[in-house]
Amino acid sequence: MATIAVPIGAQAEQPGAEAVRRPALSEYLRWSVDHKIIGVQYGISSFLFFLVGGAMAMAIRWELLTPALDLMVSGSAYNSLFTMHGTVMIFLFIIPMWAAFGNFVVPLQLGAKDMAFPWLNAFAFWLIPPAAIVVLMGYFVTPAEAGWTSYPPLSTLFSGDGQTLWALGAHLLGISSIMGSINFIVTILNMRPEGMTLWRMPLLCWAVLATSIIAVMATPFLAGALTLLLLDRVAGTTFFDATGGGDVLLWQNIFWFYSHPAVYIMVLPGMGVLSEVLSIHSRKPVFGYRMVGLSSMGIAFVGFTVWAHHMFTSLQPELRIPFMITTMIIAVPTGIKMFSWLGTIWGGKIRFTSAMLFALGFLSMFVIGGITGVMLAALPFDIHVHDTYFVVSHFHFVLFGGSVFAIYAALYHWFPKVTGRMMNERWGRIHFVFTYFGFLFTFFPMHIVGMLGMPRRVAVYDPAFTQWNQLIGISAFVLGFSSFIVVYNVIHSYFRGPVAGANPWRALTLEWATTSPPPVTNFIDDPIPYENPYGYGTEAATAYLDAVDETFRHGGLASSSH
Amino acid sequence: MTSISHGQKPKPRDQQAAALRLKNNRLGMNIFQASWIMAFFALIVVNWQLRYSYAQWPPMGVQPFELLLPSLATLALVSSTLLVQRGLVAFRGAQRSLFSLCWRLAMALGSVFMVLIAREFATVSQAALATQYGLTMRLMTGFHFVHALVILCLLLVVYRRAVAGAYHGGEAAGWAVEGAAKLWHFVTVAWVLFYVVLYWLR
């Protein structure tokens, strides 16, 4: 059946060991139009923001160890702290972190030698540092206090100039996101070489395509909302002020029309990563490949029809049920993915690598976040737990248990391709154990305190919740500590890790059919994709993988270089 | 043996690369247009939601906007975009003088549009400005005006370079002319949407 592609083996001469070298570290600090450099630039800068946002989370938990104010001088100071935590984590960590993996991996997976708009891509990245400076600067003037959602009138009447800076920074980040996404869509649709049809694309590419479509169609709404907010704050208009004929709910409509789809911007690429990692590390084809690809598109599409579930308590009553129904429908494409992943690992030859552990961690945590999502979609329950810690728990299960676990899985999985060296598996497992249990005991008890009625976004709470909050706080410190393990592992492995070779996981997708790290042009010749990107376990696949190994036998990172 | 260094990528030289670049530019432009029109839709939603917080629209005691000048401005803009398109066809057919005539006329009509709209923006009555009727009108025309201004300047730059012969040598080389024309079409479509919402939907 299979035309054994003998891919790469028969190709022209490959670079010898001496030609495979890593870019100098200084290249990452400069303007570059190479998508691999840009990917690492995105990755490192957003991880730094993860540490900044994480430090803020630690301060939040420190404050909440006791029911009274202690670390913070006032409720206002606490408001600006969690506002900045949310903003940094969403706009400066998760969204750009997916741009990191998208940039590095997607063109390689497609077999493309470059992206469609390299200059635009670099420009999109370089908008982030100034935007971050503007947003963070706001924290040191009179900070924003309205939460990352910036509802008026909190964001118009009760926030300082930091809110204006916040809106300006978010504007820049939105423009960056649109430009980056246009580049992704055109690259995925136009830059595939001969033989890489849409239905042979790895699922990460499908997920990034769906994510980018959401980003280009939704982000302009954020631009609209921010323009109105800025005008209300600095130009004296009254769009959100009822005394001037405005409407505070206007913000919620426009903002959530962007920000609900943005939730899928944050998690869809993680779902793509999961399909890659689970399939490769259990040596089995992805179960229902086409349905998984289409379900990404389905989530992107349905994601535009659910925004008002964030406004259940303020919405016209007759609109509640329609939005409840559309919200529950999202569970269908998500469920397709869930069962596909279970079907993929079912009976597989599972290798418990660090990447696989984090992928399995995602599976178990995301299913909890998904189920609490369906609970929250149910109107009567939502009204009961509205603005409580149950909501905080839900979205951390999705964004940490989902996105961050997937980011770690992706890091352990593609680090060898990026640097040419393996990460330390022992430290990877230790990292996983600390992260998994730290996460579970931080966020699971929040369901309980939420249902008992503890409101979110308060620094002072009912002393009855003290013990729960102490458990949560201590677990949060463990979770915070765990991120230093991975920092150590990355630095150590970059210099001392074992040399990876081209294809350490014996994976069929094309990013592994080139040297680690890949040359500037990614491939010396156009690679020939295997007929099924996940067709593990057949003789043809084994022959293909052997051919890859043979081709790049001498192509590993020279062990003397670093 | 090829030696590879991490530096500047080689510039695409051959025909195929130019064709691919044109294909990418066209798709990228289409996506950008589909994307950025959503910002204009967002402002239409703003207008739509705010008008329902009033019992009637325009609100009590506010005179509706005059239709004559905005309609003339819209006519000027639509004619301008058609001329830009005709000029693009002429440019591709190497009819340089026709291209030049069409684009000069188009830019003149575009400027007429800008002047008329600026006048509308400046003369909104105080009664209207005390309500969302006047505020959303200024929001929408102002937001559109900024886009029209930037892209009109772009048309001028591209026109001057095109007349100087910068874009000759096939469709790929003429992308700048095509791209500028498409952006001007975008400005027109966005304005027609706003025109209907602001002046006709009561």
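From the N terminus on, chain B runs α-α-α-α-α-α, where helices (H or I, at least four residues) and strands (E, at least two) are DSSP runs, numbered from the N terminus. This is a predicted model, in which local features need pLDDT of at least 70, side-chain atom pairs count only at pLDDT 80 or more, and totals for chains, interfaces and linings use all residues. Residues are numbered from 1 along each chain as its sequence is written, and chains are lettered from A and ligands numbered from 1 in the order in which they are written.

**Exercise 1.** Work out what span helix 3 of chain B should have, and compare it with the model.

Helix 3 of chain B covers residues 96-122, 27 residues in total. The expected span is 1.5 Å times one less than the number of residues. That gives 39 Å, and the end C-alpha atoms are 39 Å apart, so the two agree.

**Exercise 2.** Find which residues of helix 3 of chain B are buried, and what covers them.

The buried residues include Phe99(B), Trp103(B), Phe113(B) and Glu120(B). Their cover includes helix 2 (68-92) and helix 5 (132-163) of chain B.

**Exercise 3.** State how many residues each chain gives to the contact.

Pair residues whose C-beta atoms, placed from the backbone, lie within 7 Å. Chain A gives 37 residues and chain B 29 residues. On the side of chain A, helix 7 of chain A supplies the largest share, eight residues.

Technical notes: Buried ≥ 20, exposed ≤ 12 C-beta atoms within 10 Å, placed from the backbone. Contact = placed C-beta atoms within 7 Å.
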